[in-house]
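Please look over the sequence and the structure before turning to the points below.

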Amino acid sequence: MRDFFKGMLCGGLNGFFGSGGGVVAVPVLEHEGCEAKQAHATSVALIFVLSLVTAISYGVSGSLDIAAAWEYIPWG
């Protein structure tokens, strides 16, 4: 049950802060026994998946303005 609350905390912070939730996720993963490198990789992989799902969601709903976003995509 404790892992559930840690997961909810990390997920909630990722949802609220975006990638800033990794600031909490990495130490939590390290505390649970992950090596530092693995904890960072897991956090980045999760952020990638969440960003992809969000982009698809915005695209499907018609809220994504590709023309406006395109000037930031090469630098992002």
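The model is predicted. Helix H1 spans residues 2-17 and helix H2 spans residues 22-31, while helix H3 covers residues 36-61 and helix H4 covers 66-70.

**Packing of H1 and H2**

- The axes of H1 and H2 come within 8 Å and cross at roughly 160 degrees.
- Because angles over 145 degrees count as roughly antiparallel, H1 is roughly antiparallel to H2.
- The crossing of H1 with H2 is left-handed.
- On the H1 side, the contact is made by Lys6, Leu9, Cys10, Leu13 and Asn14. On the H2 side, Gly22, Val24, Ala25, Val28 and His31 take part.
- By class, the residues of this H1 and H2 contact comprise 6 nonpolar, 3 polar and 1 charged.

**Packing of H2 and H3**

- The axes of H2 and H3 lie 9 Å apart, and the two helices pack at an angle of about 140 degrees.
- H2 and H3 are therefore oblique to each other.
- The crossing of H2 and H3 is right-handed.
- H2 contributes Gly22, Ala25, Val26, Leu29 and Glu30 to the contact, and H3 contributes Ala36, Ala39, His40, Thr42 and Ser43.
- The residues of the contact of H2 with H3 divide into 5 nonpolar, 4 polar and 1 charged.

**Ser43, in helix H3**

- Ser43 is found in H3 and is buried, with a relative accessible area of 7%.
- When residues up to four places away in sequence are not counted, Ser43 touches Gly22, Ala25 and Val26.

**Leu13, in helix H1**

- Leu13 has its place in H1 and is one of the residues through which H1 makes its contact with H2.
- Leu13 counts as partly exposed, at 21% relative accessibility; the class of buried residues is kept for values under 20%.
- Leu13 and Ala67 are 54 residues apart along the chain, and their C-alpha atoms are separated by 30 Å.

**Trp75, after helix H4**

- Trp75 lies in the segment that comes after H4.
- Trp75 is exposed, and its relative accessible area is 75%.
- A polar atom of the Trp75 side chain lies 3.4 Å from the backbone oxygen of Glu71.

Note on methods. Residues numbered from 1 in each chain as written. Predicted model: local features only at pLDDT ≥ 70, side-chain atom pairs only at ≥ 80, totals over all residues. Heavy atoms only, no water. Axes fitted to C-alpha atoms, helices over the stretch in contact; angles between N-to-C directions. Helix = DSSP H or I, 4+ residues; strand = E, 2+ residues; numbered from the N terminus. Parallel < 35°, antiparallel > 145°, perpendicular 65-115°, else oblique. Left-handed = near helix turned anticlockwise from the far one by under 90°. Contact = heavy atoms within 4.5 Å. Nonpolar A, V, L, I, M, F, W, Y, C, P; charged D, E, K, R; others polar. Buried < 20%, exposed > 50% of the residue type's maximum accessible area, 1.4 Å probe, protein only. Polar contact = N/O pair within 3.5 Å; in protein donor to acceptor, adjacent residues only side chain to side chain.
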